[in-house]
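Reader: I am new to this structure and would like to go through it step by step. Please show it to me before we start.

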Amino acid sequence: MKIVHLRTNHMKNPLGYDLGKPVVSWKVEETEGKFTQNAVVQAAADPDFQNIVYEISGKNLDSYGTVLDIPTEPSVRYYWKVKVTTDKNEEAVSSTAWFETPKNPHEWKGIWISPDFHKNSKEDGIVFHEFKISKTVKKARLSISGLGLYEVYIDGKKVGDEYLTPNFNDYFSWIQFQTYEAEEYLNPGTHKIEIWLGSGWYKGKHLTFNEGNPDCHYGDTSGAIAELKVSYEDGTEELFQTDFTWKGCRSCIRANSLYDGEIIDETFDQSEIFSVKELNIGTERLKARLSLPVRKKLIKKPKELILTPKGERVLDFGQNMAGWIVFYNRLDKGQTCKMTGGEILQQGNFYHENMRSAKTEFTYTSDGESKWIRPHFTYYGFRYIKLEGFPENINLEDFEAWVLYSDMEETGSIITGNEKVNHLISNILWSQRSNFIDVPTDCPQRDERLGWTGDTQVFCKTASFNMDTQEFYRKHMYDVWCEQKKNNGMVPMVVPDLFLTAASAAWGDIAVIVPWVQYQMYGDRSLLKKQFSGMKAWVEYIYKMGKEEGEIGLWKAGTHFGDWLSLDTLDGRATGGTDVHFIASAYYYYSVSLLVNAAEVLKLYKDSEKYSKLKQKIRTSFIKEYYTGSGRLAVDTQTAYILVLYLHLYPEGEEKNLILRLVDKLKENKNHLTTGFVGTPLLCPVLSQHGYGDLAYTLLLNEDFPGWLYAVNMGATTIWERWNSVRPDGTMHPDGMNSLNHYAYGSIQEWMYQYMAGIQEKKGVPAWKSFFLKPQPDQRIGKAEAVFDSPFGKIVSAWEYKENNIFFHFEIPFDTSAKILLPDGQEKTVTAGSYDYVTKKEALPAKEPGDRYLEDLLNDPEISVLLQQRIPAITKHKNDTYKGKTLRESMNEVFNRYTLLDLKKLEEEIKCLSLSEPIV
């Protein structure tokens with residue numbers, strides 16, 4: 001028996017974070033037991049647990065999140081461990097974990113400083129200070145922040161292993177500071193601390209990608225604030241802080257921009273020394289960090305060096321990604337090279353136009369020293385790097401791509417028997433990696449890279465299967481709430497907000513959807529509790545807008561993105577063919593429904609009652625507005641049917657007609673989708689929920705446009721922004737908005753986890769304490785295995801077709817239970833352990849799954865004989881009307897219920913059709 005994965009606020013031994021009331025969690029492995037009989041958590045102010053400050057025990061302690069209800073002190077390291085006893089009387093004690101609180105954010109001795117170059121200079125530089133350590137250091141903590149980015153060095157060694165600090169947030173509301181252990185740098189003697197400054201998001205160029213907007217959205221001068229607190233072995237302490245004794249100098253980083261890249265000139269004369277000036281920023285906005293560190297997570301080597309028809313030399317890394325190009329310098333002193341990033345080749349040549357105004361360049365002038373060179377205050381989205389200024393003989397070993405993203409553990413994986421589907425899954429993960437650089441961005445390459453709220457909310461559940469996103473989204477939702485507080489509850493289209501524009505439905509609903517999804521996935525009520533005010537504020541914002549328009553049950557005001565980039569309009573309108581206020585009102589209902597759920601979880605019963613009434617009002621208004629008197633949905637698009645089916649927004653008894661109409665809409669488009677950002681994430685789940693799982697597979701497996709595997713066939717290594725970002729002839733879609741690394745359509749992987757593999761949460765039970773395993777196999781991909789490392793441990797759901805059987809394998813982690821439901825009707829409730837089952841293979845369709853028109857069925861001799869025995873003259877009279885329906889319609893109602901055909905059940909239904917009278 002082992003106790004593993006000890007985490008505080010879902011992080012391993014966090015240092016210097018704003019933890020609030022710390023939440024500790026753990027997992028149990030390698031045990032014969034099924035459940036926890038008792039658990040004891042102890043927290044102490046010393047590693048030997050002589051000074052225990054908190055203890056809690058009980059059978060029902062939540063291993064996925066137990067709150068340590070202790071008043072923590074600033075700058076203190078606390079230690080904790082857990083002892084677990086199982087129902088088999090096994091017992092184990094964990095190793096010791098720790099968390100260390102930050103300095104008091106309200107007590108700063110340091111001041112904000114910047115090099116005082118000259119009055120109007122906007123140049124980024126370096127501030128530095130020499131200091132002396134005269135005694136043996138026991139402990140040293142460096143608390144530091146920057147405007148915008150910083151890197152800190154002591155005696156030329158970089159402190160910490162993270163980049164792009166202090167990250168991106170709404171600097172008008174708060175500024176994060178980081179804490180580093182620094183004792184390893186501080187032997188007795190004289191030392192030099194340097195803080196290199198960069199523009200970053202704080203004062204970068206055109207961060208709004210609108211040239212009409214100014215640079216320096218938050219401020220126009222870079223700077224830093226720092227305190228280095230040194231504790232000596234003799235018990236004394238010393239503080240070194242930023243003040244007027246520090247000096248400044250120019251940097252060899254001559255220019256830096258997130259969009260344009262970086263220019264480094266190591267021949268630049270940095271010898272001139274300047275005084276520093278104080279920035280009038282104050283310390284009131286300084287707050288201990290929430291952001292996870294952005295780290296070098298992977299290294300990719302070039303796949304090949306390409307000489308293009310134009311004579312360009314281009315490195316192909318074989319993978320679209322985000323991060324840095326790093327190279328080993330072999331240039332002579334004074335020689336300059338340039339590297340430019342791109343996502344795709346066109347006619348075999350380097351292509352850059354889809355980056356729009358972003359230059360995405362890295363220019364370096366050599367000092368003649370052989371060493372590895374990297375950027376500092378930028379990042380790139382790229383697969384290809386065009387090389388200029390390098391020697392003729394290029395060694396591929398001299399180049400690396402550093403893949404940067406926020407430090408999250410990967411928790412989910414899926415592998416199938418279809419290599420193209422596996423490639424798609426890889427593309428989804430790479431787009432997540434590329435766009436999770438502190439903020440969940442839409443794309444990592446062009447002049448945008450912003451926290452688009454619509455992309456975030458549609459992808460958040462897929463993201464949370466793939467990676468442990470708890471603290472990543474906690475930080476982002478804090479930014480959402482900061483924006484809401486400034487805007488009367490409104491959620492901007494991007495967060496942090498750079499546009500100062502109104503919200504859109506399905507975009508602003510991030511305020512409600514993401515906290516609820518995080519609670520479902522991880523069970524931590526603290527985020528739900530912290531965000532509840534923001535959830536309410538968003539709903540109240542919509543309510544007020546509706547009240548002003550005289551429509552408190554609908555959202556028929558404002559400008560919306562609709563079903564963004566859908567394919568169901570003749571004029572190519574980006575908002576799609578579904579009425580934008582229909583979508584807005586449906587999402588209004590969705591957000592109010594989740595708000596009611598959250599209120600009930602938090603036992604806020606007055607709020608639950610209040611918003612339950614509003615929910616019913618919206619439902620009544622919606623049905624009255626958007627359904628005809630006969631119950632027909634008035635908005636006839638794929639996305640409209642998907643939304644009402646997913647949200648149960650229909651008159652009683654109309655569910656069956658709605659799903660049949662959705663299937664018809666797909667059939668009219670030759671079983672291809674026309675949906676955009678709103679409809680696509682919900683399409684396959686709706687089909688699987690209503691018995692059309694095989695049609696969902698067909699959509700997944702479509703290899704032509706529009707379909708997920710079309711991009712795979714076109715060589716994509718990430719998810720595209722558009723279904724046809726690259727056209728069949730290999731040329732780019734001509735629209736200027738065309739990213740090849742956009743994760744929104746990657747939300748199909750949520751369907752793979754929940755329906756292909758069948759890993760589904762149980763209503764009212766968060767964190768996978770109890771769940772369903774309801775796989776929906778399909779012989780066309782042969783096999784599938786999903787592994788999800790849940791808050792309790794690994795859940796495995798696998799199936800494989802072999803000969804005439806389907807073999808299932810499941811693994812359930814300690815302290816949980818699952819209900820297994822197999823396609824043949826078998827059901828079993830199980831606890832922790834490993835389980836295997838075999839069922840008979842279902843007969844698969846001869847042609848198309850899902851919607852079975854009569855012509856298709858008659859191509860199957862066995863079915864044709866059956867039908868013609870039962871219904872004379874079926875072929876001749878298939879379009880004749882009988883009892884208000886054509887025979888075709890009557891038969892379709894039967895066939896659509898049997899997407900995986902069971903002939904005996906089909907025959908029984910055909911017998912029941914009242915067709916004994918002659919058809920004339």
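Author: One term is needed at the outset: pLDDT is the predictor's confidence in each residue, on a scale from 0 to 100. The term applies here because this is a predicted model.

Reader: What pLDDT does the chain average?

Author: The model is predicted, so each residue carries such a score. At least 70 is reached by 90% of the residues, and the chain average is a pLDDT of 91.

Reader: Over which residues is the pLDDT below 50, with 20 contacts in the model beyond near neighbours in sequence?

Author: Where pLDDT is low, the predicted coordinates should not be read in detail. One stretch with pLDDT under 50 is 913-920, for which the model has 13 contacts beyond four places in sequence. The stretch with 20 contacts beyond near neighbours in sequence, also below 50, is residues 870-878.

Reader: How much space lies in the largest cavity?

Author: Counting cavities of 30 Å³ or more, the structure holds nine. The space in the largest cavity is about 170 Å³.

Reader: Which residues lie closest to the centre of the largest cavity?

Author: Strand S1 (2-8), strand S2 (23-29) and strand S38 (783-790) each give at least two residues to the lining of this cavity. By class, the lining has five nonpolar, eight polar and four charged residues. There are 17 lining residues, and those closest to the centre are His-5, Lys-27, Asp-468, Gln-470 and Pro-791.

Reader: Which elements give two or more residues to the lining of the second largest cavity?

Author: The second largest cavity holds about 100 Å³ of space. Its lining divides into seven nonpolar, three polar and one charged residue. Among the residues that line this cavity are Leu-424, Asn-427, Trp-708 and Ala-711. The elements giving two or more are helix H1 (419-435) and helix H12 (708-713).

Note on methods
Residues numbered from 1 in each chain as written. Predicted model: local features only at pLDDT ≥ 70, side-chain atom pairs only at ≥ 80, totals over all residues. Heavy atoms only, no water. 1 Å grid on protein atoms, 1.4 Å probe; cavity = no way out; pocket = protein on both sides within 12 Å on 5 of 7 lines; lining within 4 Å. Points joined across faces, edges and corners; volume = space filled by probe spheres on them. Helix = DSSP H or I, 4+ residues; strand = E, 2+ residues; numbered from the N terminus. Nonpolar A, V, L, I, M, F, W, Y, C, P; charged D, E, K, R; others polar. Contact = heavy atoms within 4.5 Å.
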